[in-house]
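Please open the structure in your viewer and keep the selection tool at hand.

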Amino acid sequence: MPLWDKLKDQAKTLQQSQGGRGPTGGHGGATGGRGGAGSGGSRAQLVGVLKSQLGTLKTELKSGAYRDASMAMCALVAAADGHVDATEQQQVESLILSNEVLQNFPPEQLRQRFHKHVSQLTRDFQQGRAEAMQEIAKAAKKPTEARAVIQTGIVIAGADGHLSQAEQTVLREACAALGVSPAEFQL
């Protein structure tokens with residue numbers, strides 16, 4: 001069974017055991033999350049599932065390494081296409097501040113770290129990318145945090161229901177920096 005399907009099943013089971021609702025409905029075998037005409041819906045479902053799973057880890061994700069790596073990941077996702085316009089930056093910041101897990105941290109800390117990385121990426125994309133990857137790599141010491149950084153990146157990137165090739169590339173590079181297999185997230 002592909003990981004995406006396992007993740008969806010785990011999240012559905014967890015939500016049912018907690019008396020909650022399933023993510024977004026239909027979880028038939030036809031939604032593998034790999035390209036094709038119907039992948040937009042399955043990607044949106046996946047983002048919902050990952051968001052839900054992150055929520056279950058909220059109490060474990062309170063370290064500075066996770067906070068900093070997540071903000072670097074969010075900045076890289078926002079700048080995946082080589083630039084970040086003000087509207088995109090504002091949208092990502094809004095998503096960051098409304099994320100359940102990231103509410104473990106003071107909003108101003110998140111803003112500062114996110115804007116620091118966006119500024120570095122805007123000023124010198126290659127240097128900013130290298131510095132963001134160094135920050136992301138610091139979360140590799142704890143496998144739960146490493147995977148959560150990737151999940152956070154996927155949630156932010158997939159908020160529009162679509163993961164672009166550039167976003168997938170950034171996520172794969174972050175997987176390498178964290179020692180996590182991109183195949184685990186079907187990237």
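Predicted model: local features only at pLDDT ≥ 70, side-chain atom pairs only at ≥ 80, totals over all residues.

The volume of the largest pocket is about 280 Å³.

Next, colour the helices that contribute to the lining. Helix H3 (64-78), helix H4 (86-98), helix H7 (143-157) and helix H8 (165-178) each provide at least two lining residues. Which helix gives the largest share of the lining? That helix is H4, with 4 residues.

Now turn to the aromatic rings. A pair of aromatic rings is described by the distance of the centres and the angle of the planes. The count here is 1 aromatic pair. Select Tyr 66 and Phe 105: their ring centres are 6.3 Å apart and their planes stand at 35°, so the pair is tilted. An angle under 30 degrees would count as stacked, and one over 60 as edge-to-face.

Follow the chain from each ring. Tyr 66 belongs to helix H3, whereas Phe 105 is in the loop between H4 and helix H5 (107-123), so the pair ties together parts that are 39 residues apart in sequence.

Finally, display the surface around both residues. Are they buried or exposed? Tyr 66 is buried because its relative accessible area is 0%. Phe 105 has 7% relative accessibility and therefore also counts as buried, the limit being under 20%.

Terms used. Residues numbered from 1 in each chain as written. Heavy atoms only, no water. 1 Å grid on protein atoms, 1.4 Å probe; cavity = no way out; pocket = protein on both sides within 12 Å on 5 of 7 lines; lining within 4 Å. Points joined across faces, edges and corners; volume = space filled by probe spheres on them. Phe/Tyr/Trp six-rings, centres within 6.5 Å; stacked < 30°, edge-to-face > 60°. Buried < 20%, exposed > 50% of the residue type's maximum accessible area, 1.4 Å probe, protein only.
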